[in-house]
Amino acid sequence: MQIATFRKNNWKRLMTEIEQRRVIPVIGAELLDVIVDGQAIPLYTHIARELAERLDVEGLDDSSDMSEVVYIYSCSPGSDPSEPYYEVWDILQELQQVELPQPLRQLAQIEPFDLFVSTTCDSFMARAINETRFQGEPRTCSLSFAKRGGVEDIPASSVGAQIDPPVVYHVFGMANTLPKYVLTEEDLLEFGHHWQDKDRRPHRLVGALRDKFLLILGCSFENWLSRFFLCALKADSLFIGKQQQGVVADEKTRRDMELSLFLSRCQTRLYKDGSAREFVAELASRWKEYASKTSGEHDRTHLKEHADNPFQKGSFFISYASEDHAAAALIKQRLESAGLDVWFDSQRLEPGDRYKKKILRHIEQSAFFLPIISRHVVTSERRFFRLEWAHAIEETQFRPTGIPFVIPLAIDETKEDAPFIPREFMDVQWQRLPDGEVSQDFLDMCRRQIRKLRRQEEARR
């Protein structure tokens, strides 16, 4: 049987799958090189050496890992079983200021990646996302599987939708002062045993992993563990169907002919052209090129959209985040059914400069500006709706007093004083329309405001 390798012609499909948010990166230790004392070193090699020094473990060589350090320490008289776990946690705390590994930054820059699975116990992936997307603000959600206690799962609202804020899920636990995460091979077996317990599995995460394309990057597991791990992630569906399961890129797997054949039988391709770091570098480069091209296609889509959706002066202008499209469309439909003119950018594809001016002109010519408020706008990301908000706030200065130009519409429980909500929005009365359901009171209010505005305009003539 021929080994199924990841070839040049597979990149195009991968870009499309990423754009559609159907890909989940699985992060391994091979991607985590750090600079310590001016030298580049694998993070977990550094931790193993530092741990051995702290625990007074001797007789190790350069290939010794944390599991071996912990085993030798456990054989010494008076050893404390929890001490290695505390020390690893403490070592990672001291590494909080080291420069983040470049592959993690490159993955964080690919915006459609909103769910990451980590096989390591550190917080470096979450830090990379926060620094890349949120100017260092700790907004990324870090979750982990544990062999005891409650089971953490991805939010219910994320099923079938964009996950905001992004999530990093640590399948082998996160570093802690207590022995709740994987340090040794024994820990790994115990975690694997509990993962197989269907009552303990994080069901929403498992569903996402089963249905999506996996990029398994830099895990470099032993042959048996790679088989077990991939099968566990796919929730026992690894051998069902003929759909492609994912791509594996790491040094150990591409040198293991037996494992490579097993992956091929499971519809999983092997990256043979380099290491996991090289795969991520090429992935980042190709995504940047792909995203640039597709943004041009989005502009052309907008050209047709604006022609098919003409703006009528004096309309209600609905501003919304793309994730709230369904609610925006429902509000538009209800207002139009009540005889009111409404306009919104129905494609919401973050238009280019040519369309920015047109949309901002629509705001100036509208009767009222209706920003939809939800959890999706509580973000520091660069989003086009922020430009609309800022322009509407500026436009307020040219409007007559006594009639609010900006009428915020909250479609969930987001509060008026939530982060990243403009102060000017807090100074006006909000309308609560759960999930975009429009009440008769709201329709009556809109009619009254339109009549009041028209009377003022007639009085000025």
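Trainee: What makes strand 12 largely enclosed by the rest of the structure?

Mentor: Count its buried residues: six of the six in strand 12 are buried, so the strand is largely enclosed by the rest of the structure. Keep in mind that we're looking at a predicted model.

Trainee: How do you know that both faces of strand 12 are covered?

Mentor: Check each side in turn. Phe-368, Leu-370 and Ile-372 sit on one side, Phe-369, Pro-371 and Ile-373 sit on the other, and all of them are buried.

Trainee: Why is strand 12 said to pair with strand 13?

Mentor: Pairing takes at least two bridges. Two bridges join strand 12 (residues 368-373) to strand 13 (residues 409-410), so they pair, and they run parallel. In one of the bridges, Ile-373 has Ala-410 of strand 13 as its partner.

Trainee: And how many bridges link strand 10 and strand 12?

Mentor: Four, again in the parallel sense. For instance, Ser-319 has Pro-371 of strand 12 as its bridge partner. As background, strands of a sheet pair through backbone hydrogen bonds, either parallel or antiparallel.

Trainee: What is the order of the strands in the open sheet?

Mentor: The five strands go 11-10-12-13-14, with parallel pairing. Strand 11 (342-343) and strand 14 (431-432) are the edge strands, since each pairs on one side only.

Trainee: Which strands does helix 13 touch as it packs on the sheet?

Mentor: Helix 13 (residues 325-337) touches strand 10 (316-319), strand 11, strand 12 and strand 13. The direction of helix 13 makes about 145° with that of strand 12. Helix 17 (residues 440-460) packs on the sheet too, touching strand 10, strand 12, strand 13 and strand 14. For helix 17, the angle with the direction of strand 12 is about 150°.

Trainee: How do you know that the length of helix 17 agrees with what it should span?

Mentor: Helix 17 has 21 residues, and at 1.5 Å a residue they should span 30 Å. The end C-alpha atoms are 31 Å apart, which agrees.

Trainee: Is Glu-87 buried or exposed?

Mentor: Buried! The cut-off is under 20% relative accessible area, and Glu-87 comes in at 11%, so it counts as buried. Glu-87 is part of helix 4 (residues 83-94). Leaving aside neighbours within four places in sequence, Glu-87 is in contact with Leu-51, Arg-54 and Leu-55.

Trainee: What about Asp-56: buried or exposed?

Mentor: Set its value against the cut-off for exposed, over 50%. Asp-56 has a relative accessible area of 67%, so it is exposed. The loop between helix 2 (43-54) and helix 3 (66-74) holds Asp-56. Asp-56 also shows a positive phi of about 60° without being a glycine.

Trainee: Which residues have the most contacts inside the largest nonpolar core?

Mentor: That core has 60 residues, and the ones with the most contacts inside it are Leu-14, Leu-107, Met-125, Leu-215, Phe-279 and Leu-283. Take Leu-283: beyond its neighbours within four places in sequence, its contacts include Trp-11, Met-15, Ile-18 and Phe-113. There's also a second, separate core of 36 residues, with Val-117, Ile-163, Phe-172 and Val-182 among them.

Trainee: And how much of the whole protein is buried?

Mentor: Buried residues make up 54% of the 461 residues. The protein has 17 helices and 14 strands.

Terms used:
Residues are numbered from 1 along each chain as its sequence is written. This is a predicted model: local features need pLDDT of at least 70, side-chain atom pairs count only at pLDDT 80 or more; totals for chains, interfaces and linings use all residues. Side-chain values use heavy atoms; hydrogens and water are left out. Contact means heavy atoms within 4.5 Å. Axes are lines fitted to C-alpha atoms, for helices over the stretch in contact, and angles run from 0 to 180 degrees between N-to-C directions. A nonpolar core is a set of buried Ala, Val, Leu, Ile, Met, Phe, Trp, Tyr and Cys residues joined through side-chain atoms within 4.5 Å. Buried means under 20% relative accessible area, exposed over 50%, partly exposed in between (1.4 Å probe, protein chains only). The expected span of a helix is 1.5 Å times one less than its number of residues.
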